Amino acid sequence: MSVTILQLVVSGVLLGALYALFASGLTLIWGMMNVVNFAHGDFVMLAMYTTFVVWKTLGLGPAASVPIAALLMATVGIVVYFALVRHVMRGPMIAQILGTFGLALFLRYAVFWYFGANFLSLPDNLVGGTFDLSGIRIPAARLLAGAVALLVTAGLHLLLTRTALGSRMLAVAEDQVAAQLMGIKPHQMQAVAWGLAAGATGIAGALIATFFYISPTVGETLVIVAFVTVSLGGFGNVPGALVAGLLIGVIESLSAYWIGPVYKDIVVYSLFVAVLWLRPQGLMGKT
Amino acid sequence: MAIKKVLTLFGALAMAGVMAAPGFAQSPVKIGAIYPLSGNAASAGESAKAALEVAMDVINNAHPELGDLTLAKGAGLPGLKGAKIEIVFADNQGTPAAGQNQALRLITEEKVHALVGAYQSGITLTASAIAEKYGIPFLSGESVAANLTERGFKWFFRTTPIASDIATTYMAFLKELKAGGRKVDSIAIVNENTEYGTSIAKVLREAAKESGFNIGIEIPYSANTTDVQSQVLQLKDKKPDVVIFVSYTSDAILYMKTMKAMDYKPPVVIGDNSGFSDAAFLTNVGSIAQGAINRSAWDIGKPGSVTYLINEMYKKKRGVDLDDTAGRAMQGLLVLADAINRAGSTEPAKIQAALKATDLKPNQLMMGFRGVKFDEKGNNTLAAALLIQIQGNRYVAVWPKASAAAPLLLPYKGW
């Protein structure tokens with residue numbers, strides 16, 4: 001029985017790492033730059049298809065697909081910023097919402113049209129096997145995704161808090177006019193933020209694809225948890241999203257086992273509401 | 001002057017009538033088809049769409065090579081002076097509300113003469129309620145939930161085996177396993193929690209009780225879940241002898257991947273159609289689900305046979321073999337077209353009467369039913385299913401022995 005509980009916690013942590021990884025990038029755009037990117041899930045989906053194509057055409061695994069997807073998605077992010085986001089940001093909030101939502105639908109149905117609705121998977125031995133620690137199973141692909149989630153979080157956090165580039169991005173997010181007066185080019189910084197955020201979704205998608213199915217609607221399935229993860233962790237707090245992701249993963253895992261899978265969302269969302277009630281800024285957000 | 005005007009008007013009307021009459025007879029029969037063309041079940045929806053297009057080809061063009069199959073020989077519906085059928089596809093988006101709206105739109109705006117669909121039982125439930133209200137025949141070739149035909153509807157028909165037939169088949173199979181010395185002391189049911197999964201689980205529970213089997217665990221879950229690790233751990237803990245999954249495609253894929261990751265192999269795995277029948281299931285996780293048992297009424301058959309030729313037509317469109325679910329959808333449309341043909345009219349009441357009088361023999365069908373004949377509830381009394389098993393990269397018929405193409409392989413092998 002204790003092995004089962006340990007396994008549930010381990011599985012929950014690995015699931016939480018998946019959520020945190022999926023949410024990385026969203027923290028930057030939504031939490032920092034204050035733009036709600038409804039196409040976030042579909043960016044990850046695009047990265048998953050990229051990974052599939054890299055495997056199918058070149059026969060290469062995540063060692064190649066992670067950098068390829070990251071670069072490709074970073075480019076997509078910058079293009080999306082200049083072609084769409086820059087313009088809709090001048091309008092009211094609703095324009096942002098509808099703009100990125102429209103982008104989400106465009107990406108989803110473009111993939112529907114090109115790849116069809118069929119579910120795809122990478123061969124499950126692409127990231128080798130499962131570790132067995134006296135009865136506790138740890139799939140290598142999920143462990144790798146978890147480790148990278150930590151790295152991406154640490155990287156983004158250090159970038160934002162320890163580098164001049166990070167400070168300039170935060171300055172633009174805080175007060176665009178003042179930042180401009182200090183000689184910072186706001187469009188440039190915003191574009192960098194979009195490039196970084198989308199690049200992170202590229203990494204996330206490439207790794208999630210190694211153990212999850214790939215379909216045009218996969219982003220839609222996972223993105224709600226990503227929004228919850230970011231707001232539970234605290235807007236503008238990159239490590240907060242990681243903590244929140246892990247917390248949600250473990251709670252889901254345990255409550256699905258003890259109370260039943262149909263009820264796990266009730267437990268997670270009750271906690272979510274309770275936290276926001278007591279701490280509207282999120283677990284680790286600044287007041 | 002006034003009289004002349006009136007006469008001209010009459011003349012014009014008469015001429016319009018004369019011109020319209022033959023045009024009317026030749027105008028196509030419009031059939032609305034509601035399927036999940038987007039959302040999580042879109043891959044199954046695309047398969048059903050391709051299968052219905054093959055059915056349309058079979059009906060509208062001459063296919064003498066398809067033998068006794070209904071409406072294959074000639075072109076169009078002979079009972080309606082060779083009228084062709086036209087399918088108007090509508091996307092149910094995987095939600096009961098969208099399915100209901102589409103049924104309304106197809107009936108009131110597209111003016112369809114009949115409806116087919118809608119894959120998910122929960123959506124067939126709402127869409128057929130609209131058809132009932134407007135008095136338009138609705139034929140479902142694939143939705144199995146028991147209560148669809150327990151509502152006293154007069155316009156709803158289905159050709160598929162339903163939940164109770166399926167439960168009977170599984171129980172007969174398990175009894176035979178038990179008689180053969182296999183341990184069948186506890187059964188687990190893992191079901192998605194909409195109409196389809198809930199209904200099958202309920203009927204299975206009742207059938208198991210009647211047959212003296214013990215349902216040890218029931219795990220309902222939501223089909224668009226992101227994770228199934230806890231469910232698999234629960235099964236691993238309780239060690240049931242038989243696990244029956246009632247799942248759609250994405251969740252079925254997750255279960256197989258997670259069972260491998262957790263190194264869990266129950267002795268007997270039954271996957272109830274839907275997700276396990278989706279062609280994407282075999283291509284994605286077939287290699288790690290060796291020995292999974294499924295129900296089916298579809299068999300591709302020997303080269304040159306009618307079913308083989310139909311499969312070839314389908315493969316040209318979809319790139320993969322026809323699966324049981326899409327096959328049942330196609331059979332449903334063929335049965336509906338046959339009724340419209342016999343009705344010799346597109347009038348709803350005449351189609352309804354013709355459906356009630358349906359009496360098709362096995363040689364007129366593509367699916368392995370014993371025939372098609374509806375009872376007063378609208379269920380096909382001659383529907384049947386056999387069991388198939390994943391062996392290698394395909395499903396083969398394994399039970400009952402009379403229709404088996406390969407021996408049943410147990411215990412479940414997995415990967």
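Tutor: Contact here means heavy atoms within 4.5 Å. The model is predicted.

Student: Which residues of H6(A) meet H11(A)?

Tutor: Start on the H11(A) side, where the partners are A:Val238, A:Pro239 and A:Leu242. Across from them, H6(A) supplies A:Leu150, A:Thr153, A:Leu156, A:His157 and A:Leu160.

Student: How many nonpolar, polar and charged residues does that contact of H6(A) with H11(A) have?

Tutor: Leu, Val and Pro count as nonpolar. A:Thr153 and A:His157 are among the residues of H6(A) in the contact. By class, the contact has 6 nonpolar, 2 polar and no charged residues.

Student: Are H6(A) and H11(A) roughly parallel or roughly antiparallel?

Tutor: H6 spans residues 140-162 of chain A, and its axis comes within 8 Å of that of H11(A). The two axes cross at roughly 155 degrees. Angles over 145 degrees count as roughly antiparallel. H6(A) and H11(A) are therefore roughly antiparallel.

Student: Turn to chain B. At what angle do H7 and H8 pack?

Tutor: H7 covers residues 229-238 of chain B and H8 covers residues 249-261. Their axes lie 9 Å apart. The packing angle is about 55 degrees.

Student: What does that make H7(B) relative to H8(B)?

Tutor: Roughly parallel needs an angle under 35 degrees, and roughly perpendicular needs 65 to 115. The angle of about 55 degrees therefore makes H7(B) oblique to H8(B).

Student: Which residues of H8(B) make the contact with H7(B)?

Tutor: H7(B) brings B:Gln229, B:Gln231 and B:Val232. By class, the whole contact has 3 nonpolar, 3 polar and no charged residues. From H8(B) come B:Tyr255, B:Thr258 and B:Met259.

Student: Is the crossing of H7(B) and H8(B) left-handed or right-handed?

Tutor: The angle to consider is about 55 degrees. The crossing is right-handed.

Student: Now the open space. Which helix gives the largest share of the lining of the largest pocket?

Tutor: The largest pocket holds about 950 Å³ and is lined by 42 residues. Helices H5, H10, H11 and H12 of chain A, with H4 and H8 of chain B, each supply at least two lining residues. The largest share is 5 residues, from H10(A).

Student: Which residues lie nearest the centre of the largest pocket?

Tutor: The lining divides into 16 nonpolar, 18 polar and 8 charged residues. Nearest the centre are B:Asn40, B:Ser222, B:Ala223, B:Asn224 and B:Thr225.

Student: How much space lies in the largest cavity?

Tutor: There are 5 cavities of 30 Å³ or more. The lining of the largest cavity divides into 4 nonpolar, 6 polar and 3 charged residues. Its space is about 80 Å³.

Notes. Residues are numbered from 1 along each chain as its sequence is written. Chains are lettered from A and ligands numbered from 1 in the order in which they are written. This is a predicted model: local features need pLDDT of at least 70, side-chain atom pairs count only at pLDDT 80 or more; totals for chains, interfaces and linings use all residues. Side-chain values use heavy atoms; hydrogens and water are left out. Axes are lines fitted to C-alpha atoms, for helices over the stretch in contact, and angles run from 0 to 180 degrees between N-to-C directions. Helices (H or I, at least four residues) and strands (E, at least two) are DSSP runs, numbered from the N terminus. A crossing is left-handed if the near helix is turned anticlockwise from the far one by less than a right angle, and right-handed if clockwise. On a 1 Å grid over the protein atoms alone, a cavity is a set of points where a 1.4 Å probe fits but cannot get out, and a pocket is an open set with protein on both sides within 12 Å along at least five of seven lines; lining residues have an atom within 4 Å of a point. Grid points are joined across faces, edges and corners, and a volume is the space filled by probe spheres set on the points.
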